[in-house]
Amino acid sequence: MAKLVTQFEFEKLFEGKEVRPQVADQVTRFIESKEFKGDRHSKETKVASVLRQVEVKRYASPKNTGREKTNSIKSFADMHVNWGRRNRATGKSDPKGSRDFALGALYYFFRDVKNPDYFLSIIKELWKPRDYDFRRLYFAKFSIEQPWDEFAVVSTRFSMPSLDIREGFDRIWSGEPLAPTEQVLLGKFNLLLGFDEDVRIRELQSKPSQELYGDKSPNVFAALNWRAKLSKLYGRDKQVQRLLDWATDGDMHPKTMLVSGPGGVGKSRLAGDVVEILKNKLGWAAGELPIELAEGDVLDGRGNGVAVVVDYPEEDFEMVERLIRACQNAQTYPCPVRIILASRDNLTAWKKRLAMEDLGNIEEVPLEFKPYLNKRDGLALSKEVAETFAKEVRKSVPKLVGVAEWRELNPIHSLPLFLVAASIHAVLDPKNAFALSGKELLLKLAQIEMKRVFWYSRNVLKDEAGLQKLLALSLLTLNGLSKKTIYELGQAGLCAEKSGDTLLEAVQKTPYWTKRTEQVPGHLMRLQPDRPAAAFFYLALGMDDEPSPALPRWFAQTVAQEGDEISHTLSRISFDIAQIDTKASVDVEQTAIRMLDSSPSLVVKFGALTHKIPPVFSAGFTAEICERWLRFYDEGEQRGSLLYNLSLRQSDLGQLNEALASGDEAEKIFRRLARSDRGRFQKKHGMSLQNLAFLCGKVQNEEKALASATEAEKIGRSLVQENRESFYPEFANWLTNIASVLSDFGQHDDALVRLVEAIEILQELPEERREESKQQLAASYNNYANRLNAIGRIDEALVPSTKAVEIFAELATSQPDAFQPAYALLLGNLSNKLMRLERYLEALEHAQKAAEITKMLADARPQAFSFNLVHALISLAQCFQKLDRNTEALSKIEEAVSTSRDLAATQPDAFEPILALCLSVKASIFLQDGQFIDAVENSREAIERLTPHFNRNPEKHRAEVFQAGRCYWEACKLSETEVDPEVIGPINKKLDDRDIQNLKQRGFL
């Protein structure tokens, strides 16, 4: 195996003396001399050109060498003089000229090189200021046994005649050639670990920050971008060290690290800082993937190791999938190869999307969406950002008053993105420093950027809004708008004054245009960071008022060249905009749906979405794709799969009747198919039965729900017997779903048995598979806790409920648009259990958080999340009631009653029980507050609405009816109102002895 020489090992041979560029001088002199036996004529021009470049360049800055220096060496001539300078400490001279050192260096670097063209190419690579530390040159040297002793002797000779130099070159040319240069194959691209003149290589990028001040206006988006680095990285020391330890652990297999977290938590900055350390301090080849990566591109991997950052990997899913699979099967290499994915999706989400049981040696550093900067670091960051930005934009440094108080107003204010944004705003508007909320801040900075863009749009495009619209649409793309896209948008009438080629020519004259390079075509940049860019999108496209009727067509032109990751892009934009304006969030998805009408070919292009699980905020778009694809299939497996997936999406959207119809048809199709080919279709039939059971449970169809659940379980157990190893973990999920249906109809003991089995399956999984099953385990924990709670084992329920919340807290921080809905539900469940244990303050904290999340979701997607919001409001109202804060309790429960009335009006069977529960809670609050008549009226209505459901399923609704009835009896007694036998009569018939005894003790009977 080839041995890689480190910079430390190489310098040790020279007793710590720095290698000087005299090597180039000696090489050139020899080639130009008559003793050179190679093809001098063809090389002469090349070498002379190289040498001229060497002599005029300035080296020796500590930044370039990576070493501290006492004397600044400014030119080639200075270096030549300094090399022979006397050492004052010893009184002896250092090597007396370049020749003495040259042979040793040449001998070592080129000993096994037969072809002079090879070292000429190395010289060209070497004489770049940033390569002055020789990392490329000595890294190109591979051999099985390094001639340490011989090299040390040759390199330390102080006096050497020119004959020795010529002999040295003869020895070099007559040696064996180097072994073939190794490449690391990583799916779409390769990494070159050495030199190969026949390979065209691309550089790993270290993208520079944009100018923060130009045309007499500040560039706030450039300042918000992590590359601006207005301050050092605060609060991430542990994560930085974790990544460095992982990178330098000595494992020579390629490895992948996922840095996950929502927008604004600093994923890209963390990865960028780690890569910078590896590059500048350890001599690694490191940087980001080039833009517009082409199939088969070879990237420069010449260094002590290679670190590649892939930002927004979810937007190039195919490339990342191939990369991960390549790392799984890769051999060892002479140096460490590390891939860092900076993604909003966490490891569980990636495993699910990749449908891979084993992702090999991939690890994760999750960054949560929560404050992590302490008071001192937060103030230091704010001060440093303000000072740096003020200097860049030629403003005075403001007095940073109220920073700590502003951070306390909202947890989001303590995230670095918002703290940096507030500090930048303080420089630009000192009078209103730290006076805006996070939402207001994003909009304000977007408005400042809009004014800057407006100047170029008006003066270059001759259109007041053309450039703003183009930059906003860039958010729908992976790398910005291509020439073709801009041309077509011009033809589609985006800009009033210019179209087609004239628009494209004008756009290229703005600073937002990225010029063409050898590998990357010219394009209009994609706005970043995400959340400020979403605010720009919102303003520039008129989402705050009335967007243009042409917007669906502009969407279509923009996404025509994008991949099927468009659903994740749409979800991210919609979710970010929901923090600003929930109605506009819906409009983004609706515009995407309408674009399918303006460009029907997109339905075919995005066909793969019909079989993928989308984030919540693009479920409607994916459902529309499914519905349009259904038109092509009248029957068979394809139609069944489309209906099944459509049913899941309709359920996500709260469209229960539609979901039930789709799910029912899917089950019938797979039942027929399973009869003729059991091995192929049995599993799909079982999945469709689970879905059908769940939906029937939601609309109170007990008989069909339980029958479907029972049949699904039977199929699942037969599949386990046939293929236990591969199907067993999935069967745990089946059991959890079946238990949920059983518990819906009061079969809590049977549900508990299945949940215990599901949890045991998941806990017994090998460690490498537990991580991918976290979401599944959390669902089982939550369901188990709810069943324990239902049968009165509250103390036992608290532990699994807490575990479920902890797991989903992590998932919701890494991918909020996908997991926040479930996280809010789990918080509400935990709050209810804490209330029953009389831990009211803890319960209130969880209930408030659940209500806050669910309110935003319900405002953005009312049909999907209104039911969840009612539950969250009930929990919050009950917490306030227990704490004797009845005014707040009534406010929340009245909102819940209003929302549930709307739901019950559209679907009584599904939503009347929740309305009755709201009325019952409202009655109990009135009762506690002494408003007895109001308590009678609300409890009476609750009983009347619950009675039909109680008669059909007494066990399921016994607790709610008993609570409403007790409140009614007590309110009647206290208000001296006669109890209406028609109201309580149906209840009395179904009361058991325990209920009657309880009521008698309270004086109600």
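Let me begin with a term: a residue is called buried under 20% relative accessible area, exposed over 50%, and partly exposed in between, with a 1.4 Å probe and protein chains only. What you see is a predicted model, in which local features need pLDDT of at least 70, side-chain atom pairs count only at pLDDT 80 or more, and totals for chains, interfaces and linings use all residues. Residues are numbered from 1 along each chain as its sequence is written, and side-chain values use heavy atoms, with hydrogens and water left out.

Rings of Phe, Tyr and Trp (its six-membered ring) pair if their centres lie within 6.5 Å; planes under 30 degrees apart are stacked, over 60 edge-to-face, and the rest tilted. The structure holds eleven aromatic pairs. One of them joins Trp-406 and Phe-434 edge-to-face, at 5.6 Å centre to centre and 70° between the planes. Trp-406 belongs to helix H17 (residues 403-409), while Phe-434 sits in the loop between helix H18 (416-428) and helix H19 (438-459), so the pair ties together parts 28 residues apart in sequence. Helices here are DSSP runs (H or I, at least four residues), numbered from the N terminus. Trp-406 is buried, at 2% relative accessible area, and Phe-434 is buried at 10%.

A further edge-to-face pair is formed by Phe-606 and Phe-621, with 6.5 Å centre to centre and 65° between the planes. Are these two residues buried or exposed? Both Phe-606 and Phe-621 are buried.

Finally, ring pairs link Trp-455, Tyr-456 and Tyr-512 into a cluster.

Methods
Helix = DSSP H or I, 4+ residues; strand = E, 2+ residues; numbered from the N terminus.
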